[in-house]
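Please read through the structure below with the sequence at hand.

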Amino acid sequence: MPLARTADLIATAYREGSGILACNVIMLEHAEAIVAGAEHVGRPVILQLSENAVRFHYGRLQPIAAAASAVAAAAAIDVAVHLDHVEDEQLLRACAGTGVSSVMFDASALDYSGNVAATKAAAQWAHQEGLFLEAELGEVGGKDGAHAPGVRTDPDEAAEFVAATGVDALAVAVGSSHAMSQRNAALDLELVKRLRAAISVPLVLHGSSGVADTDLGKAVEAGLTKINVGTLLNVRFTDAVRAYLAADPQVNDPRRYLSPARDAIAETVATLITAIHG
């Protein structure tokens, strides 16, 4: 399939009232596994490269973006490539022409007026380049601290923020938290409904690894569209590597233990996509 565009995949899910899974890619094996899982259930998926992942690759976006784009273009289903949690404006501008069709620009650490100004400028630049821009309002914890009810996204402020910045999607704080290895987050589904009613752009859930499968389905029903997952995939990947090495401590061919680890991610992705589609 030709490389898909994030804007088109999200627009379809938003129009249908369904969800689309967006999965973090760190290495080539992540991209291959995510696509394999999506192909298994015949649904589109978004491959996400975070600023942290780019930093892991010596700060070079182009090689890993090219790899993810190649895997996406070779898939039997629609796959888009997204650049996630970008705070560095140089990295934001480096994504043009890489196969990346969307960016999540994260200025949520700034105060409200600073977030609006920085996000508006990022959105104007992105739109000039034909890119879809996601932003965040409220604070999804786990990167800089624990999530607290007081930083959840306010619907009225969200409507004002979207109108002021011109963003194409909004990541909202509704009870999830980044980097959770236990799936016990309690989402505020009533808040999700209020946010969906208040603003006219798709809502994004970050920190979805801490949310149970059944609750992800309920979250989509309540009004969330893009569901981001990262930590859960790494937990399953690492568990599979540990199990293989424990069973065969003499192994020295990484293909031996990366293969079941890749399969573990694919299985998890297939399960998650099925969960958000009911």
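In which helix do Lys193 and Glu190 both lie, and how many residues apart are they? Both lie in helix α8 (residues 189-198), three residues apart, which is about one turn of the helix. Helices here are DSSP runs of H or I with at least four residues, strands are runs of E with at least two, and both are numbered from the N terminus. This is a predicted model, in which local features need pLDDT of at least 70 and side-chain atom pairs count only at pLDDT 80 or more, while totals for chains, interfaces and linings use all residues. Residues are numbered from 1 along each chain as its sequence is written, and side-chain values use heavy atoms, with hydrogens and water left out.

Side chains of opposite charge can pair when their charged atoms come close. Lys193 and Glu190 meet in a salt bridge at 3.4 Å, N to O (a salt bridge is a side-chain nitrogen of Lys or Arg within 4 Å of a carboxyl oxygen of Asp or Glu). Glu190 counts as exposed at 52% relative accessibility, and Lys193 counts as partly exposed at 43%. In these terms, buried means under 20% relative accessible area, exposed over 50%, and partly exposed in between, with a 1.4 Å probe and protein chains only.

A search of the whole structure finds eight salt bridges. One of them joins Glu89 and Arg93, whose closest N and O atoms are 3.9 Å apart. These two residues are four apart in helix α5 (residues 89-94), so about one helical turn separates them. Another salt bridge links Asp239 with Arg242, at 4.0 Å between the closest N and O atoms. Asp239 and Arg242 are three residues apart in helix α10 (residues 231-247), again about one helical turn. Arg242 is exposed at 55% relative accessibility, whereas Asp239 is partly exposed at 41%.

The strands come next. Strand β1 (residues 20-24) is mostly covered, with four of its five residues buried. Four bridges join β1 to strand β8 (residues 224-229), and the two run parallel; strands pair if DSSP finds at least two bridges between them. Three bridges join β1 to β2 (residues 45-50), also in parallel. Ala22 stands opposite Asn228 in β8, and its bridge partner in β2 is Ile46.

Asp215 lies in helix α9 (residues 213-222). The C-alpha atoms of Asp215 and Ala275 are separated by 8.6 Å, although the residues are 60 apart along the chain.
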